[in-house]
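Welcome! Have the sequence and the 3D view open side by side, and let us walk through them together.

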Amino acid sequence: MKYSKSLIPTLREDPADAECVSHKLMLRAGLIRQVTRGSYDYLPLGLRVIRKVEKIVREEMDAAGCQEVLLPIVIPAELWQESGRWERYGKELLRVKDRSNRDFCIGPTHEEVITDLVRREIKSYRDLPKNLYQINTKYRDEVRPRFGLMRGREFIMKDGYSFHTSVEDLDRHYEVMKNAYLKIFQRCGLDARAVEADTGSIGGYSSHELVVLADTGESIIATCGKCDYTASAEIAASARPSAKKSKASSTVKEVHTPSLKTVEEVASYLKVEPSQMIKTLIYLTDKGLIVALIAGNLELNEVKLTNATGAAFLTMADEAAVKKLTGAEVGFAGPVSLPAEVQGIGKVRIIADISIEGISNAVTGANKTDYHLTGVCDARDFKAEKYIDLSSVKKGDVCPKCGKGKLDIVRGIEVGQVFKLGTKYSEALKAVFLDENGKEKPMIMGTYGIGIGRTAAAAIEQNNDENGIIWPLPLAPFHVELISVGEDSKVSETAEKIYAELMKNGIEVLFDDRAGRPGVKFADADLIGIPYQAIIGKKAIEQGKIEFKIRKTGERKMVGAKDIIDLINKELH
């Protein structure tokens, strides 16, 4: 492709509204342009990268025995109402009406649609298993779209769905798909890991995120230095000792703590360790009030709390709700003598972290402004509904798997996720099959997604320098950028000849044939980040030479004009 005929609108400066490296560089290199918040045009170079990601995905999915389909983007509400997600999914689901006032949504994911297709077409165990996938546009009405293609409203996604006769068959296929995903990202030139993850709004009973390691990533990951334990911070655990036990105080005492609300303030004032304090956090949910208890030296993980309660939503209670429950201002709540129900809000459930189980002589809020209680004991003075892991892990925590290694906390970019759904959707939508005995059973399902645009953006996050993008060869929009320098006719003739030879050899080449200053061409070449540059200048041509540059290392060497094709072929293979 000739640069002079192409749409490659590069920018010299970072756009003011771009927040992360990939967003800045995709805009500056002319790969994308914003239409509205969270929605982008893919320009020619950007689309070439997207198509290369898609090609790798298709090849690996087909190799794993999957079959490609294409499903509608606009989905009737009835399917989502059958699964129950029409009400539960929330504001991210873009709901629309047609001219007949019927409800539809723009698909953020397609579990309902694919399950409806399979329930109508597959009836017998002989027709299972099946894995069907598509590469299609999705829409999620993000409250705050940001980071370009990393978190948009409209995006391209590969989503696949498998159907099985047994959990054992799903488990086997799940590993096949997880390994296929790792191979996809390896082929894309990315350092990716499979990380235990929360199932979120998709649901199911087990999940792994595929995460590309990058300091700029949103995902926080806990990894062990001595074993293969890797988990997202949302569900990561650590090997923690039980609550410190001491001889229980015979009585609970009320202590005046004027204007002291934080754990640090109260612990210092009463001369106790933060671990001996009970932090009491109050949440509003669709199931009433949740009172979460955790040791004062730990941080509560809201994803773990949500999963433990089964709540559809969970938000921190406001001052009015806290006062209605405790009778005190925020900062003085505690689990002792709480009512079982609050009029106008609902039932009160107490859920405690394992750090609270068996705790004695603890300090907690007195449910009275400016007062705390000392000598508080679990089971005697309050009782939680359950005691489970609710804490966020920290760097240096002991690994829960091997019990020896220390956890490290790293960042990454989620580029894919796989789920064991079980019968969550097949039971709701009555997707059943007849087994060998003619008995009707629900299909066992898995689902598998890859963000196509996110993968391209993640490649930039992992591969860039102060001059621009450094594309991994498999995703690069072109293999080589051919740059002619100067207006000399000999340079132009040589460049045209080499351009024709490169294309004849099946080498993808961008030919910068523009008139203009060499510095502009070199800056644009580094910004766009094509792996190899062949530079044709007057002085070099007079010596029968061409300058060859490797973008990643900056290495340059002079090569005979007749040898350039062989050298490039060698680098590519």
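Predicted model: local features only at pLDDT ≥ 70, side-chain atom pairs only at ≥ 80, totals over all residues.

A disulfide would need the two sulfur atoms to be within 2.5 Å. A search of the whole structure turns up zero disulfides.

Is C66 buried or exposed? C66 counts as buried, with a relative accessibility of 6%. C377 also counts as buried, at 4% relative accessibility.

## The chain as a whole

Stepping back, the protein chain holds 15 helices and 32 strands. Its C-alpha trace spans about 100 × 65 × 50 Å along the principal axes. Of the 573 residues in the chain, 53% are buried.

Let us now visit helix 5, residues 111-121. Eight of its eleven residues are buried, so the helix is largely enclosed by the rest of the structure. Which residues of helix 5 are buried? They are E111, E112, V113, I114, T115, D116, V118 and R119.

Between helix 5 and strand 7 (130-139) comes a loop that contains P129. The peptide bond joining L128 and P129 is cis, with an omega of about 5°. With 65% relative accessibility, R126 counts as exposed.

Next, look for I73, V74 and V96, which make a nonpolar surface patch of about 190 Å². Where is I73 found? It sits in the loop between strand 3 (67-68) and strand 4 (74-76). I73 counts as partly exposed, its relative accessibility being 31%.

As background, strands of a sheet pair through backbone hydrogen bonds, either parallel or antiparallel.

How many bridges join strand 19 to strand 20? There are three, and strand 20 covers residues 371-376. To see a bridge for yourself, find G365, whose partner in strand 20 is H372.

## Two residues with positive phi

N361 is found in the loop between strand 18 (346-353) and strand 19. Although N361 is not a glycine, it has a positive phi of about 55°. N361 counts as partly exposed, at 23% relative accessibility.

The other residue, D370, is found in the loop between strand 19 and strand 20. D370 is not a glycine either, and its phi is positive at about 70°. Its relative accessible area is 23%, and D370 is partly exposed. These angles stand out because most residues other than glycine have a negative phi.

Our last stop is an open sheet of five strands, ordered 29-28-30-31-32, with mixed pairing. Which strands are at the edges? They are strand 29 (509-512) and strand 32 (556-560), and each of them pairs on one side only. From one strand to the next, the twist averages 25°.

Inside this order, strand 28 (residues 480-484) and strand 30 (residues 532-536) pair in the parallel sense over five bridges. A handy place to start tracing that pairing is V480, which stands opposite Y532 in strand 30.

Methods
Residues numbered from 1 in each chain as written. Heavy atoms only, no water. Buried < 20%, exposed > 50% of the residue type's maximum accessible area, 1.4 Å probe, protein only. Pairing = 2+ DSSP bridges. Helix = DSSP H or I, 4+ residues; strand = E, 2+ residues; numbered from the N terminus. Patch = residues over 30% accessible without salt bridge, like charges linked within 9 Å, V, L, I, M, F, W, Y side chains within 5 Å. Areas by Shrake-Rupley, 256 points an atom, 1.4 Å probe, with all protein chains shown as cover. Salt bridge = Lys/Arg side-chain N within 4 Å of Asp/Glu carboxyl O. Axes fitted to C-alpha atoms, helices over the stretch in contact; angles between N-to-C directions.
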